[in-house]
Amino acid sequence: MTALAEILIRRIREDGPMTVASYMAECLMHPEHGYYTTRPPFGAQGDFVTAPEISQMFGELIGLCLAQSWLDQGAPAPFTLAELGPGRGTLMADVLRATRGVPGFHAAMRLVLHEASPALRAVQAETLRAYQPHWIAEIDALPDQPLFLIANEFFDALPIHQYQRTHGQWRERLIGLQADHLAFGIAPDPTNGGPGPQFAAEPEGTVVETCPQARPCMATIQHRLHAHGGLALIVDYGGWRSKGDTLQALKSHAFTDPLAEPGRADLTAHVDFEALAEGWAPYRYTTQGAFLIALGIDARAARLAQGLTGAALENHHAAHHRLTNDAEMGSLFKVLALYGPSAPPPPGFV
Ligand code: SAH
């Protein structure tokens with residue numbers, strides 16, 4: 001049993017069952033035993049691989065999208081270039097390399113990162129040293145100026161609540177104990193309000209997820225876009241409106257039971273993009289595959305392939321396929337763009 005499992009079991013014995021959101025928050029961010037606080041989780045040795053770690057093309061095309069939108073909005077200066085959950089800093093390093101040739105872009109930007117893990121902040125400081133990043137502990141500390149923001153696989157790590165429709169009412173799914181082991185259960189009483197009126201017609205047994213931490217985060221982003229313009233690109237897996245129980249645990253690139261090893265496996269849930277876009281116009285929404293293809297990934301891939309042979313060339317082709325193909329990341333991952341009310345739509349959305 002993990003050290004964190006013992007702590008949580010003791011707590012449940014004293015205080016009663018905990019919500020899925022509290023469980024997720026402890027597993028990911030517990031100061032001593034949390035998944036993100038104790039280890040760098042990425043890459044072949046880690047538990048999962050993200051798009052920027054698969055190929056440099058992902059960050060390069062995101063960079064060109066952000067820079068083109070910045071130009072289309074009159075090249076405002078100064079502006080914030082921000083990333084939420086930057087991981088090892090790979091995506092931002094590729095964004096910055098790809099935008100080096102855009103006149104005035106680097107001179108006008110202030111690089112702002114939001115990262116909860118001290119271990120990952122240290123890695124980011126190393127990777128992005130040349131650009132003097134500034135870390136903010138809360139999203140509402142984003143500077144009051146035009147905002148160009150990227151978040152890749154950030155929202156899937158935020159804690160979710162789960163509600164199940166039973167006897168015509170919404171009850172929260174909880175984690176309690178069964179024979180001294182962590183086990184899912186359901187609250188005896190209905191939850192006030194439930195997950196929201198858009199789910200009113202859902203049949204008995206349906207599970208719906210909500211992510212309350214996403215709301216204030218999106219409110220701040222929308223506030224900056226409204227006041228100063230800019231673009232927020234949010235890339236993650238999920239869909240338009242929450243559907244079913246999507247809580248999942250990954251360890252060493254394989255799915256595992258989310259309750260089996262708290263703190264040792266990555267825990268995520270699908271992102272509800274409808275909830276992220278709520279209250280905002282204008283926006284665009286598409287699949288990762290369609291987005292990257294519209295931005296010219298095929299031409300970029302062909303160009304990079306010219307310098308490669310053998311295994312490196314094969315890996316490059318596989319990475320291109322993995323990012324864009326519908327059977328891989330192409331359609332499971334989505335891209336949501338929120339942009340300034342007087343701005344033209346960003347490139348990449350046809
Ligand atoms: N964007 C990177 C990493 C994705 S993993 C990539 O694409 O490779 C999720 C990232 O979000 C990690 O850096 C993790 O430490 C960070 N993170 C997760 N929850 C967070 C929170 N509540 N606040 C700030 N950062 C968080």
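Predicted model: local features only at pLDDT ≥ 70, side-chain atom pairs only at ≥ 80, totals over all residues.
Biologist: In what sense do strand 11 (residues 248-251) and strand 13 pair, and over how many bridges?

Modeller: Strands of a sheet pair through backbone hydrogen bonds, in a parallel or an antiparallel way. Here strand 11 and strand 13 are antiparallel partners, joined over 3 bridges. For two strands to count as paired, DSSP must find at least two bridges between them. Helices (H or I, at least four residues) and strands (E, at least two) are DSSP runs, numbered from the N terminus. Residues are numbered from 1 along each chain as its sequence is written, and side-chain values use heavy atoms, with hydrogens and water left out.

Biologist: Which residue of strand 13 does Ala249 stand opposite?

Modeller: Look across to Leu267.

Biologist: What is the strand order of that open sheet, and which strands are at its edges?

Modeller: Its 3 strands run in the order 12-11-13, with antiparallel pairing. Strand 12 (254-256) and strand 13 (266-268) are the edge strands, each pairing on one side only. On average, neighbouring strands of this sheet are turned by 40° against each other, direction ignored.

Biologist: On to helices. At what angle do helix 5 and helix 6 (residues 90-98) pack?

Modeller: Two packed helices are described by the angle between their axes and the distance between the axes. For helix 5 and helix 6 the angle is about 55° and the axes are 7 Å apart. Axes are lines fitted to C-alpha atoms, for helices over the stretch in contact, and angles run from 0 to 180 degrees between N-to-C directions. Helix 5 and helix 6 are therefore oblique to each other; under 35 degrees is roughly parallel, over 145 roughly antiparallel, 65 to 115 roughly perpendicular, and the rest oblique.

Biologist: Which residues of helix 6 make the contact with helix 5?

Modeller: Leu91, Asp94, Val95, Arg97 and Ala98 of helix 6 do, contact being heavy atoms within 4.5 Å. By class, the residues of this contact are 7 nonpolar, 3 polar and 3 charged. Ala, Val, Leu, Ile, Met, Phe, Trp, Tyr, Cys and Pro count as nonpolar, Asp, Glu, Lys and Arg as charged, and the others, Gly among them, as polar.

Biologist: How does helix 5 (residues 56-72) cross helix 12 (residues 297-305)?

Modeller: Their axes come within 11 Å and cross at roughly 130°. That makes helix 5 oblique to helix 12. The crossing is right-handed. Gln56, Met57, Glu60 and Leu61 of helix 5 meet Ile297, Arg300, Ala301 and Leu304 of helix 12.

Biologist: Is the phi of Glu153 positive or negative?

Modeller: Positive, near 55°. Find Glu153 in the loop between strand 5 (147-152) and strand 6 (161-166).

Notes: Left-handed = near helix turned anticlockwise from the far one by under 90°.
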